[in-house]
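I opened a notebook for a structure that is new to me. These entries record what I looked up, topic by topic.

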Amino acid sequence: MLRLTIDNQSVEVPPGSTILDAARKLGIDIPALCFRDGYEPSTSCLVCVVRINNQERLVPSCATPVEEGMRVQSETEEIHQARRTALELLLSDHLGDCLGPCQTICPAGMNIPLMIRQIANGDFRNAIITVKRDIALPAVLGRICSAPCEKGCRRKEYDDAVAICLLKRYVADVDLARDEPYLPELKDETGKKTAIVGAGPAGLAAAYYLRQEGITCTIFDDHEKPGGMLRYAVPEEKLPHAVLAKEITLIEKLGVRFKLSTRIGRDIAWPDIQDEFDAVLIATGEIKSDKADILQLETDKNGLKINKKTNQTSLPNVFAAGNVVHPGKMAVRTVAAGKTAAISITQQLLGQPLTGVQKPFSVHIGHLRDGEIENFMINASPDGRSYLEKDSQTGLSAEQAQREARRCLHCDCRKYNTCKLRTYAEKYQARPKRYKQTRPIFEQNLQHPDIIFEPGKCINCGLCVQIAAAAGEKPGLTFVGRGFDVRVRVPFNDSLKEALTQTAAQCAAACPTGALTLLPRSAQPHRNRV
């Protein structure tokens with residue numbers, strides 16, 4: 001056995017082991033994109049670099065054998081900067097969207113592409129779970145939302161945007177019609193209590209997410225019934241009260257308490273609220289300055305003054321969200337603000353760093369070039385958009401919903417949760433545009449019946465080349481070109497179907513980015529158009 005130290009931790013490994021092997025034995029996460037156990041290291045990505053024995057030159061840990069007494073540094077700022085630079089160079093040549101444009105523009109950040117894929121596959125139960133992870137009142141918003149997400153949908157560059165809002169409404173209505181609609185699991189009670197002033201969309205959403213964290217919620221409202229502007233400002237023909245009531249009932253079933261016809265300052269004193277509860281969320285409508293003075297809260301030109309990242313007011317345990325902060329905001333923004341406030345309140349009450357919602361890492365293709373929308377369309381249904389009559393009380397049918405879902409171009413990365421490039425770019429705070437260069441044309445190769453190949457996401461790690469060669473694939477895969485122009489291709493212009501007859505799934509699993517991914521079942525009906 002050979003003994004070495006990594007970041008002052010001692011470890012023993014067998015002869016022939018690499019520094020990466022030793023680090024993994026210690027539980028040290030050294031990033032590696034182009035290496036896979038059982039295959040030769042290519043040292044092409046250079047994100048696994050470390051320093052040995054205080055030498056000036058950094059070395060790739062995946063290909064450097066361990067020596068007795070070796071001293072390794074893996075977590076210095078200099079090494080982190082080297083890894084960051086390597087990631088930024090890889091990102092400069094990366095063509096794809098981590099998050100779909102629809103999700104990026106959605107105020108709630110809902111994973112719209114995943115919901116759409118689940119609908120296309122008829123998996124309506126998981127679709128509502130996906131929706132409610134970010135939107136507490138989907139049946140409501142499915143009827144009144146102005147659908148900003150659809151403005152970001154790439155499909156509209158070809159014909160019409162996917163009817164995202166109608167799809168959200170469909171899965172919400174299906175769920176409400178069940179004998180047992182979906183209720184999220186609740187964590188153990190924390191013993192912490194939050195008062196929410198205002199039973200409108202922001203307050204209801206905040207309560208929905210706070211209860212999931214085991215935090216007790218009591219909502220105070222001066223109206224006889226909950227709902228706020230959803231009940232008293234939206235015409236019932238547009239938003240039936242019965243639909244609103246059903247969604248509020250689900251929130252109440254989580255253990256949320258309502259104290260209605262109760263006005264702060266008249267029926268209960270503001271100091272008493274602060275004394276009784278560990279945190280308070282102000283989620284009323286627009287507030288006048290004299291009312292804010294009574295609450296001892298600062299205002300700005302819009303409404304209550306808050307920290308924009310955390311929703312915290314000038315009082316440490318008092319937060320604010322919704323129209324009380326920015327009057328006149330669309331309902332989806334108000335619901336999203338309620339969830340954001342809930343995250344911050346949870347952090348505050350559980351003693352976590354108060355950071356608010358962290359923006360997820362994503363790279364973006366940006367504006368499409370001539371001919372690129374047709375490349376996106378090869379994996380989507382050619383059907384036209386589904387529409388409903390104005391103020392229709394009947395939504396899409398199951399058949400219509402699935403047909404509409406298949407119109408999605410799936411602009412998001414199919415490997416968002418497992419893409420090593422994105423994971424480590426986020427960890428090391430890499431800047432995607434630091435080394436900006438002219439991007440190639442977007443391509444999708446659907447020659448193979450089981451996988452999709454997007455050349456623009458390939459980082460030339462060579463893992464698929466090695467896997468195909470080890471299995472004796474003929475012709476397999478190879479590198480074509482030189483220098484910065486080298487690319488993974490099928491030799492002799494054969495098709496991907498001919499190149500990978502046995503190892504397609506294995507290659508897709510090994511790919512560290514979204515360049516090679518398994519083809520979703522919902523895409524199968526459109527294969528004849530490729």
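**Strands**

I began with strand β3 and strand β5 (residues 71–73), which pair in the antiparallel sense over two bridges. Strands here are DSSP E runs of at least two residues, helices are H or I runs of at least four, and both are numbered from the N terminus. I took two strands as paired if DSSP finds at least two bridges between them. The bridge partner of Ile52 in β5 is Val72.

Before going further I noted that this is a predicted model, where local features need pLDDT of at least 70, side-chain atom pairs count only at pLDDT 80 or more, and totals for chains, interfaces and linings use all residues. Residues are numbered from 1 along each chain as its sequence is written, and side-chain values use heavy atoms, with hydrogens and water left out.

I then looked at the other partner, strand β4 (residues 59–60), and found that β3 pairs with β4 in the antiparallel sense, again over two bridges. Val50 stands opposite Val59 in β4. Six residues lie between β3 and β4 in this hairpin, and Asn53 in the turn has a positive phi of about 50°.

Is β3 (residues 49–52) covered on one face or on both? I found both covered: Val49 and Arg51 on one side, and Val50 and Ile52 on the other, are all buried. Buried means under 20% relative accessible area, exposed over 50%, and partly exposed in between (1.4 Å probe, protein chains only). In a regular strand, side chains alternate between the two faces of the sheet.

**Cores**

I looked up nonpolar cores, meaning sets of buried Ala, Val, Leu, Ile, Met, Phe, Trp, Tyr and Cys residues joined through side-chain atoms within 4.5 Å. The largest has 78 residues, and Leu281 is one of those that touch the most other members. Helix α14 (residues 331–349) gives the most to this core, with nine residues. Leaving out residues up to four places away in sequence, I listed contacts of Leu281 (heavy atoms within 4.5 Å); among them are Ile196, Phe319 and Ile345. A second, separate core of 22 residues includes Leu91 and Tyr428.

**Cysteines**

How many disulfides does the structure hold? I found zero, taking a disulfide as a pair of cysteine sulfur atoms within 2.5 Å. For Cys62, the nearest cysteine sulfur is that of Cys48, 3.8 Å away. Cys62 counts as buried because its relative accessibility is 2%. For Cys408, the nearest is the sulfur of Cys411, at 6.4 Å.
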